[in-house]
Amino acid sequence: MATVIASTALSPADGSGSAIGYAASAGTACLRQAGLTPSDADVLINVGVYRDSNVSEPSVAALIQKRIGINLDYLHTADRHAAFSFDLMNGACGILNAVQAAGALLATGSARRVLVVSADTHPSMDPAKAGTAEFPYASTGAAMLLERGEDARGFGRVHHRSSSGTHGINGYLPLRDAGSEGRNTITVDREDRALGRMLELAVDSVNGLLAAEYGVDPAEVPAALEKTLLVTSQPSPDFASHLSRRLGLASDAAVTVEGLEGDPHTSALTYGYRQALEAGRLAGHDRILFLAVGAGLTSAASIYRLDGAPEGAAH
Amino acid sequence: MYSSRLESIGAYLPSTVMTTSELLTRMECESEPDLFRITGMAERRVADDTTGTPEDCLTMAVAAARDCLGHSRYTADEIDIVISCSISRTTDGRRHQFEPSFAHRIAGELGAGGAVRFDVSNACAGMMTGVYLLDRMIRSGEVRNGLVLSGEHITPIAFTAAREMRDSREPQFASLSVGDSAVAVIVDRAADEADVIHDIELMTCAEYAHLCLGMPSDDTGDLAMYTNNKEMHAKDRLSLWPAFQRDRLADDGRRFSDEGYDFVVQHQVGSRFIDFMNDVGESILEAPMPQSLSVVREFANTATTSHYLVLHQALAERRIPEGSKILLVPAASGVVTGFLSATVSSLKV
């Protein structure tokens, strides 16, 4: 029994620039598609990093929970159904940390369903400031509903890796420099060499995962990934194709997310999965390799076993 | 399925003490609020990040982690996961960090190279959320142990309030009640009933998520917090914890009065709040409250670290006999509440 994706949704481009709004609309659609109501979500995890007005308290997840309407007041709901929400942050890798944490909540019976939402925005909520040289991230969001499967389908172990040296990417609010503009200010420093290092770490992560899970030698990687679709973070528009080629695969073996201005960041894996699903690209694949590389540098990767009915089969 | 336990605990407290009257002298209020009478807070610690060896969220968290590891059977390289839980996340000269994770930087400083790392942000329930996730990951066999910690340099919100408040009824009043600290705990698999986490359950009643907002000030800058105290501390809000705990225990056929708690630690919002919480608890749970532990007088409200700082100080003062059963009750903006109960015997500081 493993953790399965029951439903996914992407936020519409509504121009609001609100990460809370993006995550809430994606989360609402995700539950509706699965034939569920908001009160069916037991735990809400938000893995978004860059948020409206740089709010630091409460969790952005609580503000999203309120917008979706998930069991808002324990004392005043008919069946005394409690919900729990929190933010989990680890840049682009956060979604796979959330998969791992959700797996523990599902395995221990602490939750039947965990809704993982992600969204990023420039804190000024001006969409024109997103996807730029100063702030490379797209203003968007996504949602992924996780449940416990009944067979071998689903996520395997989440493998983590980190590289020594500088952080590659450093995102922060410089409080002293921002003065009274702190709600509208963000700095994202990306080192010149960051993308190259991220690609190296991605290759190491894939090789390490395949060696650990299947005893695959690096020379055998292309054969081992023959029926595997790669869904990766998107630190640059050509990251997925570069990674495919570095692994000795066809350039479209990894999904390139389309239709966004900028890096979908914490939503990248959900975006890649959803767009592949809608394009019918999961057909003919046995597995998905989810791989994220982000600031630190850190990486997270996990094999997802498919059974031909990628969503909704748990119902 | 495994159980977890609190294996070790460590803390770091800045050496600078600021009394409540010193804090109030920074205010330009026409009538100073009687902060001591309302909160019971005589002083708080204040981090100094302006010196050559700065105290900030990162340095304090690392210092607390080293103290914790000093009491642990584990070395840093044996830690499976590091979860950092602070709200303020400031370092490198007042940069409020978003990525990489604080946990990544802490793991790097400690030499916990192989550890999974991520940050949790859940207002003052941050460390409780970190321990909750780690408990479930240990119980499911996902990890064997982990470090949950928070370095909380939160007093800048008090100074923002002092600069900006003109009236004690303003929404920044609660910001005056915070203090700086760092606490770290290592949680691992329980070996026996002498050291074990019995329950940890949390919930978020997001109807009230907007009642306490932390964000940069658009007036004089730096971090600020705006709280609707009246609504936040309405009796209905305070009733959430005891109703939730009563119901969760009842689901297992248990009652609060039979649990044998020796100590209760409420969130350190202030002495009056703690008394109110214990009163509401007694009323709804129909049982006397155990002895209530507190550090509000000396350390004020240290946000994410507060329950664990109370535990640390009580252990340091030898106030918790071996085999004691403790009850920790979070109350955080979100609104987050719940309960953690644990028996502690070998926890030493």
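I keep in mind throughout that the model is predicted.

I then looked up the geometry of this pair: helix H3 (residues 94–107) of chain A and helix H5 (residues 126–139) of chain B pack at an angle of about 65°, and their axes are 8 Å apart.

Next I followed the strands, and I traced an open sheet of 10 strands with mixed pairing, in the order S1(A)-S5(A)-S4(A)-S2(A)-S3(A)-S7(B)-S4(B)-S8(B)-S9(B)-S1(B). At its edges I found strand S1 (3–10) of chain A and strand S1 (4–12) of chain B, each of which pairs on one side only. Neighbouring strands of this sheet are, on average and with direction ignored, turned by 25° against each other.

Which strands carry the sheet from chain A into chain B? I found S3(A) joined to S7(B) by three bridges, with the two strands running antiparallel, and within this pairing I noted that Asp87(A) stands opposite Ser121(B) in S7(B).

Inside chain B, I checked strand S8 (residues 145–152) against strand S9 (residues 181–189): eight bridges join them, and they too run antiparallel. Here Glu152(B) stands opposite Ser181(B) in S9(B).

I also asked what lies across these strands. H5(B), the helix I started from, lies across S3 of chain A as well as S1, strand S4 (81–84), strand S7 (116–121), S8 and S9 of chain B, and runs at about 15° to S9(B). In chain A, helix H2 (residues 60–68) lies across strand S2 (43–46), strand S3 (84–89) and strand S4 (114–120), running at about 125° to S2(A).

Finally I looked at the chain contact as a whole, in which 54 residues of chain B are in contact with 58 residues of chain A. Among the elements that give two or more residues to the chain B side, I listed S7, H5, strand S10 (196–204) and helix H9 (240–251). I noted that the residues on this side divide into 24 nonpolar, 17 polar and 13 charged.

Note on methods:
Residues numbered from 1 in each chain as written. Chains lettered and ligands numbered in written order. Predicted model: local features only at pLDDT ≥ 70, side-chain atom pairs only at ≥ 80, totals over all residues. Axes fitted to C-alpha atoms, helices over the stretch in contact; angles between N-to-C directions. Helix = DSSP H or I, 4+ residues; strand = E, 2+ residues; numbered from the N terminus. Pairing = 2+ DSSP bridges. Contact = placed C-beta atoms within 7 Å. Nonpolar A, V, L, I, M, F, W, Y, C, P; charged D, E, K, R; others polar.
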